[in-house]
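Dear colleague,

Please find the structure below, handed over for your records.

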Amino acid sequence: MDKGWIFIGVLPLAGLLGFFLKQRFLVPGKPARDWYDARIAPWIKKGLAALFYLTIVVWIAVWAFASEEDRNRLSVEVKAFMKSIEFGDGKVPQPDPAGVKPRP
């Protein structure tokens, strides 16, 4: 059974919840906003930069310690993915000779 309806139902609810929470807490002049500006905001830029650089270091380490075969596997996987998008199962579709009728 397909559960896609859950995503369709949860996404708008999450949007509404985010909107109401923003109106309740992050409007300038509210105590929660003042606390956020005093305690959290100064660290956001530094934290995001640290996360970015840490992610880069981890990916470089993974690449450096991977075997040559594993390093090339990503390009093979990307090519297979692109073929699956273009042709469904990765095979080039061939026309059915019995289904082709010449024009009169």
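**Findings**

At 37% relative accessibility, Asp37 counts as partly exposed, a class that lies between buried (under 20% relative accessible area) and exposed (over 50%), computed with a 1.4 Å probe on protein chains only. Please note that this is a predicted model, in which local features need pLDDT of at least 70 and side-chain atom pairs count only at pLDDT 80 or more, while totals for chains, interfaces and linings use all residues. Residues are numbered from 1 along each chain as its sequence is written, and side-chain values use heavy atoms, with hydrogens and water left out.

**Salt bridges**

The term denotes a side-chain nitrogen of Lys or Arg within 4 Å of a carboxyl oxygen of Asp or Glu. Both Arg33 and Asp37 belong to helix H2 (residues 31–39), where they sit 4 residues apart, about one turn of the helix. Arg33 is partly exposed, with a relative accessibility of 25%.

The structure holds 2 salt bridges. Another salt bridge joins the side chains of Asp70 and Arg73, at 3.8 Å from N to O. Asp70 and Arg73 are 3 residues apart in helix H4, and therefore about one helical turn separates them. Asp70 is partly exposed, at a relative accessible area of 39%. In general, side chains of opposite charge can pair when their charged atoms come close.

**Fold and confidence**

The protein chain contains 4 helices and 0 strands, and its elements run α-α-α-α from the N terminus on. Helices (H or I, at least four residues) and strands (E, at least two) are DSSP runs, numbered from the N terminus. Of the 104 residues in the protein chain, 0% are buried.

The average pLDDT of the protein chain is 82, and 83% of the residues score at least 70; pLDDT is the predictor's confidence in each residue, from 0 to 100. Confidence is highest in H3, at a mean of 93, and lowest in H4, at 78. Where pLDDT is low, the predicted coordinates should not be read in detail.

**The largest pocket**

The largest pocket holds about 250 Å³ of space. A pocket is an open set of points on a 1 Å grid over the protein atoms alone, where a 1.4 Å probe fits, with protein on both sides within 12 Å along at least five of seven lines; lining residues have an atom within 4 Å of a point. Its volume is the space filled by probe spheres set on the points.

Trp59, Val62, Trp63, Ala66, Asp70, Arg71, Arg73 and Leu74 line the largest pocket. Helix H3 (41–65) and helix H4 (68–87) are the elements that give two or more residues to this lining, and H4 gives the most, with 4 residues. By class, the lining has 5 nonpolar, no polar and 3 charged residues. Here Ala, Val, Leu, Ile, Met, Phe, Trp, Tyr, Cys and Pro count as nonpolar, Asp, Glu, Lys and Arg as charged, and the others, Gly among them, as polar.

**Aromatic pairs**

Rings of Phe, Tyr and Trp (its six-membered ring) pair if their centres lie within 6.5 Å; planes under 30 degrees apart count as stacked, over 60 as edge-to-face and the rest as tilted. By this rule there are 2 aromatic pairs. The ring centres of Phe19 and Phe20 lie 5.5 Å apart with planes at 65 degrees, so this pair is edge-to-face. Phe19 is partly exposed at 47% relative accessibility, whereas Phe20 is exposed at 52%.

Phe52 and Tyr53 also form an edge-to-face pair, because their planes stand at 70 degrees, with ring centres 5.2 Å apart. Phe52 has a relative accessible area of 47% and is partly exposed, while Tyr53, at 55% relative accessibility, is exposed.

Yours sincerely
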